[in-house]
Amino acid sequence: MPSDTGSDVTTLKEKFKNDPLDLSLLPEDWNSKTGRWAFDRETIERRCRDARQWLRSRDEEAIVVVSHGGVLHYLTEDWAGSEKIEGTGWENAEFRSYRFLDGDDESASLGETPESRQSRCKKDKSFTDAEKNELTESAVKTWEAQTHKNLNRDRRTGPCEKDGMQSCAA
């Protein structure tokens, strides 16, 4: 969504110049919403598959990924709970643990660990591919409808107004 557009690299480098943050892998056009960074399902799926492949290639034993819940559904290919909150099934500041599935070379698929599911009081149930596909399709249709609703609202009122009230800081 246009409201989910990040800051340009130069701004981020200036803002975090005194912090231990490595922005060297962040391309200049990462926030363009075009090409590799387009906001459409196929592009997001491809970008998240590439990210999983990159994560799997790393030497670290454990890696923390911080992102928006909507992106995390694509990254983890885990759509369970995606219907409970508009835009995501992830609670604010929620964490889950995943491992790469054996034998899945091209897509570098992940599976949530039983311990992670248990910590969220979820039964240790793995979804079949058909169940995953059904969850994915349902979530994406809902999100696309919500995105069109939000885009139409933003065109009428501007991105900083909701229900006739200013919601962005000047």
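**Exercise 1.** Is Asp50 buried, exposed or partly exposed? Determine also which residue meets Asp50 in a salt bridge, and where the two partners lie.

*Solution.* The structure is a predicted model.

Step 1. The relative accessibility of Asp50 is 23%. Buried requires a value under 20%, and exposed a value over 50%. Asp50 therefore counts as partly exposed.

Step 2. The side chain of Asp50 meets that of Arg36 in a salt bridge, at 2.9 Å from N to O. Arg36 lies in the loop between α1 (9–15) and α2, whereas Asp50 lies in helix α2, so the pair ties together parts that are 14 residues apart in sequence.

Step 3. Arg36 has a relative accessible area of 41% and is thus partly exposed. Arg36 also lies over the face of Trp37, at 5.2 Å from the ring centre.

**Exercise 2.** Describe the surroundings of Thr43.

*Solution.* Step 1. Thr43 belongs to helix α2. With a relative accessibility of 8%, Thr43 is below the 20% limit and so counts as buried.

Step 1. A polar contact of 2.9 Å joins the side chains of Thr43 and Asp40.

Step 2. When residues up to four places away in sequence are not counted, Thr43 touches Gly35, Arg36, Trp37 and Ala38. One of these, Arg36, is the salt-bridge partner of Asp50.

**Exercise 3.** How many aromatic pairs does a search of the whole structure find? Classify the geometry, and state how covered the surroundings are.

*Solution.* Step 1. The search finds 1 aromatic pair. Its members are Tyr74 and Trp79, with 4.9 Å centre to centre and 85° between the planes. An angle over 60 degrees counts as edge-to-face, so this pair is edge-to-face.

Step 1. Tyr74 is among the buried residues of α3. This helix is mostly covered, with 7 of its 8 residues buried. The buried residues are Gly69, Gly70, Leu72, His73, Tyr74, Leu75 and Thr76.

Step 2. Just after α3, Glu77 adopts a positive phi of about 55°.

**Exercise 4.** Where does Ala62 lie, and is Ala62 buried or exposed?

*Solution.* Step 1. Ala62 is found in the loop between α2 (41–57) and α3 (69–76).

Step 1. Its relative accessible area is 66%, which is over 50%, so Ala62 is exposed.

Step 2. Ala62 and Tyr98 are 36 residues apart in sequence, while their C-alpha atoms are 9.8 Å apart in space.

**Exercise 5.** How many salt bridges does the count give? Examine the pairs Glu14 with Lys17 and Glu112 with Arg120, and list the members of the network.

*Solution.* Step 1. The count comes to 12 salt bridges. Side chains of opposite charge can pair when their charged atoms come close.

Step 1. Between Glu14 and Lys17, the closest N and O atoms are 2.8 Å apart. Lys17 is exposed, since its relative accessibility is 52%.

Step 2. In the salt bridge of Glu112 with Arg120, the closest N and O atoms are 2.8 Å apart. Glu112 and Arg120 are both buried.

Step 3. A network of salt bridges links Asp78, Glu94, Arg96, Glu112, Arg117 and Arg120. One of its members, Arg96, lies over the face of Trp90, at 3.9 Å from the ring centre.

Terms used
Residues numbered from 1 in each chain as written. Predicted model: local features only at pLDDT ≥ 70, side-chain atom pairs only at ≥ 80, totals over all residues. Heavy atoms only, no water. Helix = DSSP H or I, 4+ residues; strand = E, 2+ residues; numbered from the N terminus. Buried < 20%, exposed > 50% of the residue type's maximum accessible area, 1.4 Å probe, protein only. Phe/Tyr/Trp six-rings, centres within 6.5 Å; stacked < 30°, edge-to-face > 60°. Lys NZ or Arg CZ within 6 Å of the ring centre and 35° of its normal. Polar contact = N/O pair within 3.5 Å; in protein donor to acceptor, adjacent residues only side chain to side chain. Contact = heavy atoms within 4.5 Å. Salt bridge = Lys/Arg side-chain N within 4 Å of Asp/Glu carboxyl O.
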